[in-house]
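Please look over the sequence and the structure below before reading on. The notes that follow are grouped by topic.

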Amino acid sequence: LTRRSADAAFDPEPLGATDVAAFHQRASQEATATFALLRQRLAQLPAAAQADAEAVLAAQGALAAHLAAPTAGESPAGALKTRYHGDLHLGQILITGNDFVIIDFEGEPARSFEERRTKSSPLRDVAGMLRSFDYAKWSALRRIAQSPEETMRFAPVLDDWLGATREAFLSAYGRTSAAGAAAASVDARLLALFELEKALYELRYELNNRVDWVQVPLQGILAFAHAGPAR
């Protein structure tokens, strides 16, 4: 999607400071809507998730630091905005022989067609994969842990797997993009913004569709609240 073609609707364009400011504004607006929905559904959550939900609501100030636009108003040097998958996760990737096929390019179903067609940073798809690795970790933990004691025993092992998987994916993405048309380095702050925005989207989705999974995005959001903004 970073390659130029005969179709202007798919050609990459430079990513500007105005685009970055719009990314932060959208994420802030969605955060406000997410917190309002979480507060509304708090009493309906499973008991195990209520403490995390209350912690997220109490951490809105810390999360605001991740959502605030850069004061310099600059964009990452050499960055592009492109058409992108929009809903990239492990469930959209099929293994065939010694290769992979990516499917379902229609984007997030809760967004309008205009939003799905609008060019943006390809780091949105990177963030989607990072969040998917987190879901894989939690899915494995739920499947294998038969008691609170086993959860405590297995969680550190899965955390190590998650860290190694994230590092391998980001390293490979950086090498591949540096060798191709998207020659800009991965901007840590922009990637963190998209990952937090994705976790907020997941929280709204789970609140509306799968309340038993709500703790996964809650934990992801709390990780951002406990960490300082990326530099």
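**Asp87 and its surroundings**

Asp87 touches Gln92, Gly107, Glu108, Pro109, Asp125 and Lys198, leaving aside residues up to four places away in sequence. The model is a predicted one.

- A polar atom of the His85 side chain lies 3.1 Å from the backbone nitrogen of Asp87.
- A polar atom of the His85 side chain also lies 2.7 Å from the backbone oxygen of Ile103.
- Not counting residues up to four places away in sequence, His85 touches Leu1, Gln92, Ile102, Ile103, Asp104, Phe105, Gly107 and Asp125.

**Nonpolar cores**

- In soluble globular proteins, nonpolar side chains tend to be buried together.
- The largest nonpolar core holds 42 residues, and those that touch the most other members are Leu38, Leu45, Leu190, Leu218 and Ile221.
- Two or more residues of this core come from each of α1 (17-41), α2 (47-58), α3 (60-67), α5 (123-144), α7 (188-209) and α8 (215-226).
- α7 gives the largest share of this core, with 10 residues.
- Leu45 touches Leu38, Gln50, Ala53, Leu207, Val211 and Val214, not counting residues up to four places away in sequence.
- A second, separate core has 8 residues, including Leu141, Ala145, Leu158 and Val216.

**The buried side of α3**

- Leu63, His66 and Leu67 are buried residues of α3.
- These residues are on the same side of α3, because they cover an arc of only 95 degrees around the axis.
- The cover over the buried residues of α3 includes α1, α2, α7 and α8.

**Pockets and cavities**

- Rolling a probe the size of a water molecule over the atoms shows where empty space is left.
- The second largest pocket contains about 410 Å³ of space.
- This pocket is lined by 16 residues, and Asp87, His89, Tyr135, Glu202 and Arg210 are the closest to its centre.
- At least two lining residues of the second largest pocket come from each of α5 and α7.
- In the whole structure, a search finds 3 cavities of 30 Å³ or more.
- The volume of the largest cavity is about 200 Å³.
- The lining of the largest cavity has 19 residues, and Arg26, Tyr84, Gly86, Glu108 and Arg124 lie nearest its centre.
- α4 (113-117), α5 and α7 each give at least two residues to the lining of the largest cavity.

Key. Residues are numbered from 1 along each chain as its sequence is written. This is a predicted model: local features need pLDDT of at least 70, side-chain atom pairs count only at pLDDT 80 or more; totals for chains, interfaces and linings use all residues. Side-chain values use heavy atoms; hydrogens and water are left out. A polar contact is a pair of N or O atoms within 3.5 Å; within protein, one must be able to donate a hydrogen and the other to accept it, and residues adjacent in sequence count only if both atoms are side-chain atoms. Contact means heavy atoms within 4.5 Å. A nonpolar core is a set of buried Ala, Val, Leu, Ile, Met, Phe, Trp, Tyr and Cys residues joined through side-chain atoms within 4.5 Å. Buried means under 20% relative accessible area, exposed over 50%, partly exposed in between (1.4 Å probe, protein chains only). Helices (H or I, at least four residues) and strands (E, at least two) are DSSP runs, numbered from the N terminus. The arc is that of the directions from the helix axis to the C-beta atoms. On a 1 Å grid over the protein atoms alone, a cavity is a set of points where a 1.4 Å probe fits but cannot get out, and a pocket is an open set with protein on both sides within 12 Å along at least five of seven lines; lining residues have an atom within 4 Å of a point. Grid points are joined across faces, edges and corners, and a volume is the space filled by probe spheres set on the points.
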